Amino acid sequence: MKQIRLGIIGFGNVGQGLAQILRDKHREYAEKFGLDFRIVAVADSQKGCLFDPQGLNPVALLEKIARDGSLAGIPGEKKGWDALALIRESGADAIIELSYTDLKTGEPAATHVAEALQQGKHAVITNKGPVALHYSRLEALAREHNVQIGFEGTVMSGTPALRLGRELLAGAGIRRIEGIFNGTTNYILSQMDAGAGYAEALAEAQALGYAEADPSGDVEGFDAAGKVVILARLVLGREISLADVEREGITRLTAADVTEAREAGERWKLVGSLELDGERLKAAVCPRRLPLSHPLAGVNGATNAILYGTDLLGDVTLIGPGAGRLATGYAVIEDLLAIYRG
Ligand code: HSE
């Protein structure tokens, strides 16, 4: 049995989802893969820090958070610790960086990931900022220190959109990528299609936990554009920035537009796309009116989808969750299995 010590930075929805998965599946992973995953440390700037080299009990962490929203006062509390102290002093083998996404600077997550790699630890992130803005630098650090970075959760959470493109379709000749990469906007458009108003649908998406802390990142298309940048870099090997993505959100779509499309047998979707035209790469996020026969037209609610247009297989579409605590927590497990099963 191989023991793997995990240090978690950020204990919000995704961190709690990961703890829930390890609570429920620890034994299964041990039996099936010979891997004994233990959470040895948690650092959250609001909820507090914990450390136990033998492993913290996920049941106790989840109960404490459910009871009073904080980790303070339970055994293992490390007053005065922060994320960098966790990385340097916890003895974790892998750092799971789950702090909030900032698509302008990628911080503080990028600093945490860089520090983890420099300390010779694997890093797993679900946070788009460091991957969209600093991937080349982080990848070089990982190579230099002979460790790996896991980033599956940055696009479509645990739905393996990146692995499908990077590994399984790598030889199929990907020429085009189209997808629904933002759950909040797809939820809003689906609700509007069913007769709800924009503001009401956005409030529901926020209450359901799909929206970013600042939902303008969703409705103006920045979140989807971040994912397009990540796909360009990690699947197509093209380094582009957010400024290279032609972007329009859904705020200009009216109830009348949605009704008109419905009456014509079509649906509005916020589509992120990458298209290779010879050497030229066109990157965009914009609302498109799709016929119901289009594979993305039937993807409703907060669900996401990605379509790879390939030379050898034609179009391949993958549909699945793009957000949510268990779905994103599972993305971390996918990366950990990829690192440690080999
Ligand atoms: N706010 C994002 C969404 C979360 O709605 O899809 C996942 O990146």
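Q: How many cavities of 30 Å³ or more does the count come to?
A: Rolling a probe the size of a water molecule over the atoms shows where empty space is left. In this predicted model, the count comes to one cavity of 30 Å³ or more. About 70 Å³ of space lies in the largest cavity.

Q: Which elements give two or more residues to the lining of the largest cavity?
A: These elements are α7 (183-193), α11 (255-263) and β9 (266-277). With four residues, β9 gives the most to this lining.

Q: How do the residues of that lining divide into nonpolar, polar and charged?
A: Four are nonpolar, one is polar and five are charged. Among the lining residues are Asp193, Arg262, Glu266 and Trp268.

Q: How many aromatic pairs does the structure hold?
A: A pair of aromatic rings is described by the distance of the centres and the angle of the planes. The structure holds five aromatic pairs. One of them, Tyr29 with Phe37, is edge-to-face, at 6.4 Å centre to centre and 90° between the planes. Tyr29 is buried, with a relative accessible area of 5%, and Phe37 is buried at 3%.

Q: What parts does the pair of Phe51 and Trp81 tie together?
A: The pair is tilted, with 5.3 Å centre to centre and 35° between the planes. Phe51 lies in strand β3 (residues 48-51) and Trp81 in the loop between α2 (58-68) and α3 (83-89), so the pair ties together parts that are 30 residues apart in sequence. Trp81 counts as buried, at 11% relative accessibility.

Q: Which residue has its charged end over the ring of Phe222?
A: That residue is Arg247, whose charged end sits 3.8 Å from the ring centre of Phe222.

Technical notes
Residues numbered from 1 in each chain as written. Predicted model: local features only at pLDDT ≥ 70, side-chain atom pairs only at ≥ 80, totals over all residues. Heavy atoms only, no water. Phe/Tyr/Trp six-rings, centres within 6.5 Å; stacked < 30°, edge-to-face > 60°. Buried < 20%, exposed > 50% of the residue type's maximum accessible area, 1.4 Å probe, protein only. Lys NZ or Arg CZ within 6 Å of the ring centre and 35° of its normal. 1 Å grid on protein atoms, 1.4 Å probe; cavity = no way out; pocket = protein on both sides within 12 Å on 5 of 7 lines; lining within 4 Å. Points joined across faces, edges and corners; volume = space filled by probe spheres on them. Nonpolar A, V, L, I, M, F, W, Y, C, P; charged D, E, K, R; others polar.
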